[in-house]
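Hi,

Here is the structure I promised to pass on. Have a look at it first, and my notes come after.

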Number of protein chains: 2
Amino acid sequence: MNPNAVIGRPFPQLNAESKVKGNAAFCDDLWFPKMLYCRILRSPHAHARILEIDTSEAESLPGVKAVITAGDTPRIPFVHVGGPFQDKLPLQDSKVRYVGDEVAAVAALREDIAETALRLIRVKYEVLPAVFDPEEALGEDAPQVHDGKNNALIHIKRDFGNAERALEESDLVLEDVFETQAVSHCNLEPRCSVAMMDEQGVLKIWTSTQSPHYVRKEVSHVLGLPLTNVRVMEIHVGGGFGSRSKVCEDEAITAMLALKTGRPVKIAYSREEEFTATRIRMPFKIWIKQGVTNDGTLTARKMKVIADKGAYAHYGPAVLGYAAGVSCALYRVPNVKYDGYLVYTNKHFAGPFRGFGAPQVTFAIESQIDRLAENLGMDGMALRLKNANQPNETTTNGWRITSCGFSDCIRKAAETSGWAEKKKARAKGNSDQDTLRGIGMACGIHLCGAKIFADGDYSGAIVKVFEDGQVTLYKGNTDMGTWSNTTAAQIVAEEIGIDLDRVRVISMDTETTPTDSGSFASRVLFIHGNAAKKAAAKAKASLLKSAAAVLGETEKDLFIESGAIAVTGNPEKRITIGEAVKQSAEKVCDFISCEYHYDPPSEPLNFQTGYSNISAAYTFTTQVAEVEVDRSTGLVSVQQFVVAQDVGKAINPLAVEGQIEGAVAQGIGYALSEGYHYQDGFVLNANFTDYSMPGIQTLPKDGKLKVILVETDDPEGPFGAKGAGELTLNPTAAAVANAVYDATGIRCNTLPITPEQLAARLEEKAHK
Amino acid sequence: MNPNAVIGRPFPQLNAESKVKGNAAFCDDLWFPKMLYCRILRSPHAHARILEIDTSEAESLPGVKAVITAGDTPRIPFVHVGGPFQDKLPLQDSKVRYVGDEVAAVAALREDIAETALRLIRVKYEVLPAVFDPEEALGEDAPQVHDGKNNALIHIKRDFGNAERALEESDLVLEDVFETQAVSHCNLEPRCSVAMMDEQGVLKIWTSTQSPHYVRKEVSHVLGLPLTNVRVMEIHVGGGFGSRSKVCEDEAITAMLALKTGRPVKIAYSREEEFTATRIRMPFKIWIKQGVTNDGTLTARKMKVIADKGAYAHYGPAVLGYAAGVSCALYRVPNVKYDGYLVYTNKHFAGPFRGFGAPQVTFAIESQIDRLAENLGMDGMALRLKNANQPNETTTNGWRITSCGFSDCIRKAAETSGWAEKKKARAKGNSDQDTLRGIGMACGIHLCGAKIFADGDYSGAIVKVFEDGQVTLYKGNTDMGTWSNTTAAQIVAEEIGIDLDRVRVISMDTETTPTDSGSFASRVLFIHGNAAKKAAAKAKASLLKSAAAVLGETEKDLFIESGAIAVTGNPEKRITIGEAVKQSAEKVCDFISCEYHYDPPSEPLNFQTGYSNISAAYTFTTQVAEVEVDRSTGLVSVQQFVVAQDVGKAINPLAVEGQIEGAVAQGIGYALSEGYHYQDGFVLNANFTDYSMPGIQTLPKDGKLKVILVETDDPEGPFGAKGAGELTLNPTAAAVANAVYDATGIRCNTLPITPEQLAARLEEKAHK
């Protein structure tokens, strides 16, 4: 490695220190003069018609400054992605469709006054029968969540090759049903936003969002304002994982109250609201059939998915569309038939969540791959290697794979985990022990940004170089746990040839930073990274041009080193970067400014056929879980977890490893403990005590969470890099479930694999 | 007037509503997590050597997070303007030179803890003899405020023509001595700043400053940081009047504490500190001799000024230099000799204050002009008209006057005030009444920006036009009572041809707005206005180019109207501005961006000779005061005040009138009541109760404060406009003093004309 290289080095996250020390400001740290506090009145019914709302008593409570209902708003629904499903108003006007649905909102001098006012709002409801199960919801007499829509939101069909015939012709076909649960993103920062009308008629919004430019677009839309009359401001964001990749109701509601009152309005959700009234991961029921030849070649995959959308469409069609894509693309599988049904129910509604539908289908595919190997008498690793996607192949559904380290990932994960020896040892059986041990493998595929979304996948970057030699990158997306400010700064530093501490990043302010779709879809490093790299290249060219004029040399004879531009072969002859800016004919005031707008060479998703190359690069992972199962309690503990992942090029190994480790934790939670408990549409465990998010004690200890970065130098990625935010989570639950099977001989097809579930199955098995 | 014109119309100030309603956030409204509160330990001595500082006890007080003295800082003095006088450290290291000088600073969890900690800092002083009078300070044995400098900071000499000979040859010569007092800017918002190191090593500063770019420059300098490692942020500013046109100590001290503690640090000065430890208007003692011929032609002016600089140089040389300029330029006077001495004393130190030295010398010149007229038996108005500067003349000291409505101002002020009739009535005498009435006139000259300052007089503007047709102007100076955001937005709207509500302004943020010297020197409308106009013109050209391509027309056949670009003669054929942006080849992401950097066609001040055209335009005012004097108490009340002022073109009449009215109020305070009272270097009246700033009850009532805008269409000003912030104040005290003389026959040459002073003089006169 070049000793001066900025990329590839494990720099700490730019804002780590301020976050660790508690200095970083989040939305709830904001306060403005005359700020009001908002609380939202939510539906207590899973399904009811709103007959009448009387806010008069609430309005007359001292300290209450405004009470709004749908009648006070333009009644424009949010524009959600993936089709014509604009079914969600910021405040409901005719019906409520889940327990938690927004009915009214209060702005008051204090939060407790607002809370009291909520109790004074009289809503007359006509309670309607509700439906909670998506299969029931598809029945003829089922209650209609949205009148006249039969609850069938969308049917996504994929049909490549001839799956039926291929299955008939296969040597082995297996058929299974899997179910995945609703889970929460468990953001450590509950939703919070502050809206304030400034003196110029611009509605400023500070919000914990992943996509400031989407929030601007949606809030201006629902308020009927010109786009740039809304300005989303820079603020730290305490987690997202997809839940904040589009607008949330609170952003529109505080905006409406700010307009009505002329005062700043803040809302900070309670933990209970964060659990019950924000987005969740969509539960899937998956029927899957796969066929193989005797040598282990995958011949066909047939799937049916019923996805429980909850009360509103939101990103649902896109999530289900991407799940279909992964189902067609994971492993070389020439014949795929896929039917996905998105179904309304009277429950809180799903949105994007790290993996975007992939973890659900990957759990099914990879659990069954394990069964196929076992039934063929083949090693699971060998079967996966045989069918692994290869570089420069196009998948059945048109994904044009370029860089691809899939086979390497399988080999390295196996090697590091001791796969071969452990499988051999396990073959001798461990059925007499109290603690059962098992090992399981699973793989995943993912994208780097995607054109699944209505308005594409793009990013602008502006790079300014100032007269003091400092550089600022302006980026429109959010910096979260994905370290995007840090890695984007590394890319700029590397491209120009300066130290990292010379680069600063301004992100997220829709007025001063260029448009960008947002921080989701594993896109920022790849899409914005390219924009930043190319803007930096323009800045470098401008600096060299200026320096060449000053030094009387030609650009090609110059190089940048240690903050200066020097002559090759005569490096004493040099000027500082700051001086080159000062002397530049392209200078604006005291800086030069270069911008680039990157639009990747990918194709929009064809929603009808599903055939298109939606991303400019794809990533691959292989994971090996080793578990211990307590035979008496059914408690599974993950002893070792190995991830080998194709990251293209690790711009910052620390950043990639951190995201991979975090995703393993989230995946283990998905596999073993997390999930909502409901009764009549009410969430019973809307708090961290009852919800069972894994803590540090649940994860492999003593360095047993092992990450191997497989670098493949992607041709389109900036410096060869690819995205890494989501992929890891996709197969984690399958790896754990496969290890549980290896330990116990029990296939758990329903997530999470709780001690209750497993203990009962172990008991049942012991008595057979 | 074009009915669609945006300029020339009395739009309300863009942020008036939020300020009036109390929604606008000022520095003291800011709070950040872990923020510390700073208090400053100030010298209790007017002059003392610091022998030892023991901070240990203060440091160990619970809640104290840092205590700093000069030893904790890089000991780099501020770079002040006007010569090599870098004599002020943020914290003093060896000596203190006035009561209030900064010695140490504490950052603590609460302000009261910081205050307690101050009392625990032990400073051993060697008290030194102090000097408070500038004439004494020039004596041979006077205490040395700065060791080895003899207190004589600078001697400014001007010598044009031959004043001595011209005086000898004059028909009438008068000689007088005048004294002006130290006054406070009386900002309603006391100084406040917050400094915070962000996660990227950028020191963010929110501060009540007039010049964010100067603050950035000075703070980075005293901390030894690269320029752009300091970022001054946008915030409302509650008054300035010159006092905040450069860095203040608190900005550097909070920055140092933020660096040391790693936490945000706020300081909010008490009202007492605002009065005693921030800048003041420099007191002048002025010896003046002017000569005239019998027909009233001014022949010569000879002046000596001793200016009491207080303990540190600050802008003093520039203020005295500009006072010299005005002394050479007010009226056509061919022979001028001027000697100005800037003298250190052990008092709080002066800085810029609205008028920048002009009010002091104008008081002397205009009081004596009145005497000259009387002694010639000539009407004061006639004498002034005879000598008034004329368009396209160059003054004795090289000021090239272009637009000039001076004579018109004299005529209109006289006409509106009823000058002729009232002077005639007064000639009959009113000496028998209890209430004496009088009328007085005075005139002033001023500049529009100036190259008095070391780094010139420039402004950048960036105009962005977005795809929704909205426009943002980025400007680097501060919006205060000068309405600069409003008038700059009007200029942009007018230039492009859109409504004012389509234009927004982002100002003051040194990272996102282009460099600009700051909001002072009556420069913003003129200097920044030109930058904004030219950037807007580029944006308009870009829009027309795009529209021409889309419509298949040529640019010259297009015009902009109602947010659209239409074809002349076929206005149905049109596209919206937003669409022109979308289709533009020059688009960056979702906007087009155009910038302009304006540097006026003026010359740097020649400090040696004083001969240079320091401004690209000059402004003129004539004022007529009508007073009543209570014969028994000496109380003067201003019954009517007329201002006729050459403003070039009033971009916003409301904005200009507001500034003129404010300046009259401040000028009346200067004339009649304001001033510091000292004892041994201590200020005795550091509060609004004892200081006597005029309130609304002191000003002319019932519409008797009359403003006449004389429009002269300046050739270089944006749309013909000139600056208006300071000029009005220059002659106000003289107009009042001349009216007092007219009423009483008593010449008050010492400001303020308090009831005590005047009652004693009336008493004395009655007994003569």
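Below is what turned up, going from the pair of chains down to a single residue.

Two housekeeping points. This is a predicted model, so please keep in mind that local features need pLDDT of at least 70 and side-chain atom pairs count only at pLDDT 80 or more, while totals for chains, interfaces and linings use all residues. Residues are numbered from 1 along each chain as its sequence is written, and chains are lettered from A and ligands numbered from 1 in the order in which they are written.

**The two chains**

Where they meet, chain A puts in 43 residues and chain B 42 residues; contact here means C-beta atoms, placed from the backbone, within 7 Å. On the chain A side, α1 (16-20), β19 (459-466), β21 (503-507) and β25 (591-598) each supply at least two residues, and β21(A) gives the most, with 3 residues. Helices (H or I, at least four residues) and strands (E, at least two) are DSSP runs, numbered from the N terminus. By class, that side of chain A has 15 nonpolar, 16 polar and 12 charged residues. For the classes, Ala, Val, Leu, Ile, Met, Phe, Trp, Tyr, Cys and Pro count as nonpolar, Asp, Glu, Lys and Arg as charged, and the others, Gly among them, as polar. The copies meet through the same surface, because 98% of the interface residues of chain A are also interface residues in chain B.

**Some helix pairs**

In chain A, helix α9 (residues 316-329) packs on helix α10 (residues 358-376) at an angle of about 35°, with the axes 8 Å apart. Axes are lines fitted to C-alpha atoms, for helices over the stretch in contact, and angles run from 0 to 180 degrees between N-to-C directions. From α9(A) the contact uses Tyr322(A), Ala323(A), Val326(A) and Ser327(A), and from α10(A) it uses Ala358(A), Gln360(A), Val361(A), Thr362(A) and Ile365(A). Those residues split into 6 nonpolar, 3 polar and no charged.

Over in chain B, helix α6 (residues 212-223) and helix α7 (residues 249-261) cross at roughly 50°, their axes coming within 10 Å. That makes the pair oblique (under 35 degrees is roughly parallel, over 145 roughly antiparallel, 65 to 115 roughly perpendicular and the rest oblique). Val215(B), Val219(B), Val222(B) and Leu223(B) of α6(B) face Glu251(B), Ala252(B), Ala255(B), Met256(B) and Leu259(B) of α7(B) in this contact, with 8 nonpolar, no polar and 1 charged residues.

Also in chain B, helix α10 (residues 358-376) and helix α11 (residues 380-387) cross at roughly 110°, with axes within 9 Å, so α10(B) and α11(B) are roughly perpendicular. Ile369(B), Asp370(B), Leu372(B), Ala373(B) and Leu376(B) of α10(B) meet Gly380(B), Leu383(B) and Arg384(B) of α11(B). This contact has 5 nonpolar, 1 polar and 2 charged residues.

Ile410(A) is in helix α12 (residues 406-417) of chain A. Ile410(A) counts as buried because it has 26 C-beta neighbours inside 10 Å; the cut-offs are 20 or more for buried, 12 or fewer for exposed, and partly exposed in between, with C-beta atoms placed from the backbone. Leaving out residues up to four places away in sequence, Ile410(A) touches Met381(A), Arg384(A), Leu385(A), Ala388(A), Cys443(A) and Thr622(A).

Cheers

Key
Contact = placed C-beta atoms within 7 Å.
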